[in-house]
Amino acid sequence: GQYHDAARRSCQSLRQYTPKPNATMYDLAMTIYFGMYGATMTTNSELFWGPDSIMMLPYMASAGDAQSAFFQRMTGLGFAIMSLGYAKCGVSKDAWIKQTMIFHVVSTPIFFLQCASDDGSSFTPWVWYLQIAINIALAGWGYTEMSKSKTK
C-alpha cells in the first residue's frame with residue numbers, strides 16, 4: 001500500500017531526473033575526424049594521403065595531376081564545411097549525427113567498388129579496405145547514437 005506508492009513515486013522521480021544518454025563522444029569524434037580530413041585535404045592532400053604519405057596511410061598509390069588535386073581540395077573543403085557547420089554555425093547535434101552516419105553508410109559501397117575495380121596502381125587497396133572497416137564501425141556507432149535521438 002503506502003510503502004509501495006512511495007517507492008513508485010521515488011522511482012518515477014528518479015527516472016524524471018536521470019540524464020538521457022547523449023552523443024558527446026560520437027559528435028566530438030566526428031568533428032575531429034571530418035575536420036582532420038578537411039584540413040589535410042584542403043591544404044595538401046598528396047603530402048598527407050599520397051604515395052609518400054606522412055600519415056603512413058597512402059590512399060593514393062600514384063601522384064595525382066592538377067585536376068585530381070583540385071577535386072581533393074574541394075572534397076576537403078566539403079569536409080571542413082561540414083565540421084564547421086556543427087562546431088560553429090549552429091547545425092544541431094541530431095542533424096550532425098545523421099549527416100555523418102549517412103556519409104559512412106553511403107560511401108562504403110563506393111569505396112568497395114573503387115578497390116574492386118583498381119589494380120593497385122591508382123589507389124592503395126589495404127588503406128581503402130581499412131577505411132571500409134572504419135566506415136562500418138563508425139556507421140554502427142552513429143546508428144546507435146541516432147537511435148537515441150528525439151528526431152529520427
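Predicted model: local features only at pLDDT ≥ 70, side-chain atom pairs only at ≥ 80, totals over all residues.
**Overall make-up**

The protein has five helices and zero strands, and its elements follow the order α-α-α-α-α from the N terminus. Of its 152 residues, 34% are buried. Among contacts with a separation of 6 or more, 69% join residues 24 or more positions apart.

In soluble globular proteins, nonpolar side chains tend to be buried together. Here the largest nonpolar core holds 23 residues, and the members that touch the most others are Met30, Phe34, Tyr37, Trp49 and Tyr59.

The most is given by H2, which contributes eight residues.

Phe34 is one of the core members named above. Leaving aside residues up to four places away in sequence, Phe34 touches Phe79, Ala80, Met82 and Ser83, and also Trp96, Thr100, Phe103 and His104.

**The pair H2 and H3**

Two packed helices are described by the angle between their axes and the distance between the axes. For H2 and H3, the axes come within 7 Å and the crossing angle is roughly 150°. Because angles over 145 degrees count as roughly antiparallel, H2 and H3 are roughly antiparallel to each other. Their crossing is left-handed.

On the H2 side, the contact is made by Asp27, Met30, Thr31, Phe34, Gly35, Tyr37, Gly38, Met41, Thr42, Thr43, Ser45 and Glu46. On the H3 side, the residues are Gln72, Arg73, Thr75, Gly76, Leu77, Phe79, Ala80, Met82, Ser83, Tyr86 and Ala87. By class, the residues of this contact comprise ten nonpolar, ten polar and three charged. Met30, Phe34 and Tyr37 of H2 take part in this contact and are also among the core members that touch the most others.

**Ala63 in the loop**

Ala63 lies in the loop between H2 and H3. Is Ala63 buried or exposed? Its relative accessibility is 52%, and exposed means over 50%, so Ala63 counts as exposed. Not counting residues up to four places away in sequence, Ala63 touches Glu46 and Pro51. Glu46 is also one of the H2 residues in the contact with H3. The C-alpha atom of Ala63 is 8.4 Å from that of Ser122, which is 59 residues away along the chain.

Note on methods. Residues numbered from 1 in each chain as written. Heavy atoms only, no water. Core = buried A, V, L, I, M, F, W, Y, C linked by side-chain atoms within 4.5 Å. Buried < 20%, exposed > 50% of the residue type's maximum accessible area, 1.4 Å probe, protein only. Helix = DSSP H or I, 4+ residues; strand = E, 2+ residues; numbered from the N terminus. Contact = heavy atoms within 4.5 Å. Axes fitted to C-alpha atoms, helices over the stretch in contact; angles between N-to-C directions. Parallel < 35°, antiparallel > 145°, perpendicular 65-115°, else oblique. Left-handed = near helix turned anticlockwise from the far one by under 90°. Nonpolar A, V, L, I, M, F, W, Y, C, P; charged D, E, K, R; others polar.
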